[in-house]
Structure formats: structure tokens, C-alpha cells
Amino acid sequence: MNIRAIELQPATVALTRPYALATWATDAVDMVRVRIEAGDGACGLGAASPQPEVTGETTEQCLAALRGVEALLRGRSFARPAELDDLLRREWPDAPAARAAIDMALYDLQGKAAERPVVDLLGRVHRALPTSITIGVCDVEPTLAQAREYLGRGFRVLKVKVGADLELDVERLARLRELVGRDLPLLADANMGYTAAQLAAFLQRTRAFGLRLVEQPLPRELASAQCTLPAHDVERLVADESMHDPADARRLAQQPRAFGVFNIKLMKCGGITPALDIARIAAGAGVGLMWGCMDESVIGIAAALHAAFACEATRHLDLDGSLDLSRDFGAGGFVLEDGLLRTLDRPGLGVWPGD
């Protein structure tokens, strides 16, 4: 397949529900849609959501990398997207969101050429899985109000941002557990907001709440302290900020482990190709997978979903990143029904241009 042209469409999109994490807050997202046109006229779509706090690249750096990619790949042929991954990583190692947009657009093209969904080309394992939906850092009553709204919309897994105030975190989770009952899965995400002492206290004081997962409680450079925790606690700790690429996966898969689950985000690792490399490392080490996202277009969410459904080790989806966009330059991609995500039965990623 020959690449004829690459077109870029940047956009800044407001969020309908701004939210806060332990370390920063956001009310809008910068995105870039990528459209790759093949020599036969077929088009593949990808999308980047650079975020310096997560991907390490600014919007300007992402756009500069994408313009360089366009000049490098125009006229180049490929049979599989993975053939270009080494080249992209070598030329733009510090622009994973830009690489992710190109990679998913190439997969979209490949699926359209084969007239099959990408997940079926990769080897489908899952048909439908529930996604969590996230409640940001806020007081108790807003937490409960959002939980009631999300339950009313059919979601059955709630993720709560914590890490800014230990006392408030414990109170919010206690009240949430009272509201939702014993069986509904609750996840917590500290975004590196705790110290080791605070983490120990958090785990002890929330043990009765039955938290399914606790995501990235300590800063990346301090996460090795988690290795001394009891095994049953380590198994539910999720590597997010500590997990960027296959090199991180190989390091974190070694014993003793600080995490029992890896959170794969296409924007962090550089697309479907490196995400599948991380998944293979996790599967070989007996580590479960969560598939996460940024605030991003349905194009990126669909790409993550296709990859997730092709991996046996997938245990959790946290793919709610398109739901609070005030507009989206992509459309389609998946079906969300009663909190369950399914891919569309369409070639490629099942996406098309939106607003």
C-alpha cells in the first residue's frame, strides 16, 4: 500500500465537564486529526491528544513531528503498519501521541483494504467489555451526584480520582460504597498523589470498601517502594504514569513487582503496534491489562478498543475519554450500551469524519 498524502487538522475542544486530578486540572483538550490517503484513494483516520503531563509532548511538538512524518512517509509503501513503527520511533522518540495518530491511521487503512475490522485482523478475543467512567477530584456531594448520574446512564464501573487529600478520599469512597452497594466495582486513581506512608494508610483504611484497582498511587521514581507491600495489594495496583512503552513493560514485569496490572494508553506508548508489544510482555509475565485513554476523539478510543479486544490479558477498560468532548472531529468507532463497549462491524477502525 502506497502513502499518497497525509493531512492534519488540529483543534482545541472544550470539555462539557471539566475535572481535576491530584496533580493538575483541565477544561479543554488539544487534538490533531490525521488523514492518510493511499495511492488507491482509500483514507485512514488517526488522532493525537498530546498532554505534556502524560505523553511528555506539547501540541506544538506533536504538530512538528506530524509534519515531519508527512514529509518522510509520502510516497512510501507498506504492507503492515508495524513495518513503519521502528522508523517512527527512531525519528520521533519523544512524540508518542503523534506516532499513535499515524499508527492507528495506518491500521484503519489496512482494515479497509482487507474489508475487515482491525480487531479481526489482529485476532479477536473479546466481543464486549464494560468500561469504567471517571469522577474527578471533588467534594463528597458532587462525587455522589456524578455517581448517580452515571448509574442512571447505565455505567456499572466507577473510577474515582484521589490523591489530593487522604481524609477526603476515604470519606468519598466510604459514601460511594454506601450509595452503590457491595457489588459494583469501584476503582481509585491517585495520579502519583500519595507518599508511601499515605498509600499504606489508604490501603488499610479502604480495605473494607473492596476497591478493585488502585491506579498509580506513587510517583514513577518512587514506585519501587510498592514491592514491599503484601502480594494481594500489589496485584491490584495499576501502572499508569510508570508505564509508557515496551521498555517500561519489560522492567516492570521483573520480580519483585510493584504493579499487578499495566495501563496501556495509545497516546503514551505510540499506537497500536507498541501497545500490542506491551500486551505480549504482560501476557508472558501473567500481568493483567487495563486499557486507558486521554480526553480524546472517538478515533483514538476505537483504536484502543480494537487492540484491547485482541488481547487475552485484557481485564479492564477505562475508555471514557470521548464522552465529555463538546464536539469531535471523528464519529462512529464503537457502540456504548449499558456501560458495555463493542466495536462496530465495519472495515478498519469503524470511524469516519465528524464535526
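Predicted model: local features only at pLDDT ≥ 70, side-chain atom pairs only at ≥ 80, totals over all residues.
Residues are numbered from 1 along each chain as its sequence is written, and side-chain values use heavy atoms, with hydrogens and water left out.

Taking a disulfide as a pair of cysteine sulfur atoms within 2.5 Å, the count comes to zero. Cys 138 is buried at a relative accessible area of 17%, and Cys 311 is buried too, at 8%. (Buried means under 20% relative accessible area, exposed over 50% and partly exposed in between, using a 1.4 Å probe and protein chains only.)

## Around Gly 136

Gly 136 sits in the loop between β5 (133-135) and α5 (140-152). With 7% relative accessibility, Gly 136 counts as buried.

Which residues does Gly 136 touch, leaving out those up to four places away in sequence? They are Tyr 19, Ala 20, Gln 146, Lys 161 and Arg 172, where contact means heavy atoms within 4.5 Å. As for Glu 241, it is 105 residues from Gly 136 in sequence and 17 Å from it in space, C-alpha to C-alpha.

## Helix α1 and its two sides

Helix α1 covers residues 59-73, and its 15 residues should span 21 Å at 1.5 Å a residue; the end C-alpha atoms are 21 Å apart, which agrees. (The expected span is 1.5 Å times one less than the number of residues.) Its buried residues are Thr 59, Cys 62, Leu 63, Ala 65, Leu 66, Val 69, Glu 70 and Leu 73. They cover an arc of only 160 degrees around the axis, so they end up on the same side of α1; the arc is that of the directions from the helix axis to the C-beta atoms.

On the other side of α1, Glu 60, Arg 67 and Ala 71 are exposed. The cover over the buried residues includes β1 (3-20), β2 (25-38), β3 (43-48), α2 (85-91) and α3 (96-114). Just after the helix, Gly 75 takes a positive phi of about 90 degrees.

## Helix α11

The 14 residues of α11 (residues 272-285) should span 20 Å at 1.5 Å a residue, and the end C-alpha atoms agree at 20 Å apart. Among the buried residues of α11 are Ile 272, Pro 274, Leu 276, Ile 278 and Ile 281. Gly 286 follows α11, with a positive phi near 75 degrees.

## Strand β15 and its neighbours

Strand β15 (residues 340-343) has Leu 341 and Thr 343 on a covered face, with Leu 340 and Arg 342 on an uncovered one. It pairs in the antiparallel sense with β14 (residues 334-337) over four bridges and with β4 (residues 129-130) over two; two strands pair if DSSP finds at least two bridges between them.

Leu 341 is the bridge partner of Leu 129, and Leu 336 stands opposite Leu 341 too. β14 and β15 form a hairpin with two residues between them, and in the turn Asp 338 has a positive phi of about 55 degrees.
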